[in-house]
Amino acid sequence: MDTEQDDNQGAEKNGLSVRAVSRALAVLRSFYLEGPTLTLTEVATAAKLDKGTARRILLTLVQDGFVAFDAQSQKYSLGLEILKLAGAVPERRDLRQIASTILSRLAKSTGSTVFLSVYHDGSAVCLDQFHSDRSVEVRWWIVGGQLPMNCGAAPRVLLAYLPEAEVERVLSRGTTRLTPHTTTDPRQLAKELEEVRERGWSVAIDDVIEGLAAIAMPLFDPDGRLIAAVSLTGLTPHIVRNGQPNFLDEMRGAVREISSNLYSLSAPPLHRAARAQSVLGG
């Protein structure tokens, strides 16, 4: 009987431990769901916890370096330990390492901010970002942050090359309007996605933040499967000139260099996007 009681107590403790971990993860997720800096009330609301529980979890995370607290603003943000975890994800680590030098060089040569992003569970997730001395500092898409799939050049590139069933699943959740220029109509969005597939790149103007524009291109594995998007953003007149995206050749070169380094033992397939880019002079 004592053994059975001990087992039940152990199971109960394990259950409580799992619940505690789930709550801590909910607190961490609140930062990419709601924003990079949040008050205690905002964290508690996003994580669906009472303020007392949220405060205790935040204090523990602060002590361990996974969350930082600004006493002046009374706001919390993700800590440096999160970046260490992100860099340790095995299936993405090689991509980030190989792309880092190439995309840093692209950012400097174009005077823009460059992003490396991937698709995950209905959102575009920023895997890395690179700045130049002349680029606009972008705070709305931090490493680990998410963007809706209908907003911005990179999300639309990722959405364009997903399997049709997954595109339908994403769109069934609804669309998000970030500015008056954001495409939210599913039929118009479907037309834009077809254009992306035909030409091999996406352009977005003022649809995430007014005054900023972006262009993006897909990165594929040797079997033609989408693995990431490379995008470049800055002030609209810098990115789009005379109605046409600037820096397409520079981006094409960067994407091809990443692909050749990432898959040095096998050449990437001549997929439809590559053919479209070849027509454009790539």
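Colleague: Which residue does aspartate 128 form a salt bridge with?
Modeller: Its partner is arginine 96, and the closest N and O atoms are 3.3 Å apart. A salt bridge here is a side-chain nitrogen of Lys or Arg within 4 Å of a carboxyl oxygen of Asp or Glu.

Colleague: What should I know about the model itself?
Modeller: This is a predicted model, with residues numbered from 1 along each chain as its sequence is written. Local features need pLDDT of at least 70 and side-chain atom pairs count only at pLDDT 80 or more, while totals for chains, interfaces and linings use all residues; side-chain values use heavy atoms, with hydrogens and water left out.

Colleague: Back to that pair: are aspartate 128 and arginine 96 buried or exposed?
Modeller: Aspartate 128 and arginine 96 are both buried. Buried means under 20% relative accessible area, exposed over 50%, and partly exposed in between, using a 1.4 Å probe and protein chains only.

Colleague: How many salt bridges does the structure hold?
Modeller: There are 12. Another of them joins arginine 173 to aspartate 121, with the closest N and O atoms 3.3 Å apart. Arginine 173 lies in the loop between α7 (164–172) and α8 (186–199), and aspartate 121 in the loop between β4 and β5, 52 residues away.

Colleague: Why do arginine 173 and aspartate 121 count as partly exposed?
Modeller: Because the relative accessible area of arginine 173 is 47% and that of aspartate 121 is 48%. Salt bridges with shared partners also join Asp121, Glu166, Arg169 and Arg173 into one network.

Colleague: What about aspartate 221?
Modeller: Aspartate 221 forms a salt bridge with arginine 225, the closest N and O atoms being 3.0 Å apart. Aspartate 221 has 8% relative accessibility, so it counts as buried.

Colleague: New topic. In what order do the strands of the open sheet come?
Modeller: The 6 strands run β6-β5-β4-β9-β8-β7, with antiparallel pairing. Two strands pair if DSSP finds at least two bridges between them. At the edges are β6 (146–148) and β7 (202–205), each pairing on one side only.

Colleague: How many bridges join β4 to β9?
Modeller: 5 bridges, between residues 113–120 of β4 and residues 226–235 of β9. Within them, threonine 113 has threonine 233 of β9 as its bridge partner.

Colleague: And the helices: at what angle do α2 and α3 cross?
Modeller: The axes of α2 (residues 40–47) and α3 (residues 51–63) cross at roughly 105 degrees and come within 9 Å. That makes α2 roughly perpendicular to α3. Axes are lines fitted to C-alpha atoms, for helices over the stretch in contact, and angles run from 0 to 180 degrees between N-to-C directions. Under 35 degrees counts as roughly parallel, over 145 as roughly antiparallel, 65 to 115 as roughly perpendicular and the rest as oblique.

Colleague: Which residues make the contact?
Modeller: Leu40, Thr41, Val43 and Ala44 of α2, with Lys51, Ala54, Arg55 and Leu58 of α3. Contact means heavy atoms within 4.5 Å.

Colleague: Last one: what does leucine 162 touch?
Modeller: Leaving out residues up to four places away in sequence, leucine 162 touches Tyr119, Met149, Val167 and Leu226. Leucine 162 is in the loop between α6 (153–160) and α7, and is buried at 14% relative accessible area.

Key. Helix = DSSP H or I, 4+ residues; strand = E, 2+ residues; numbered from the N terminus.
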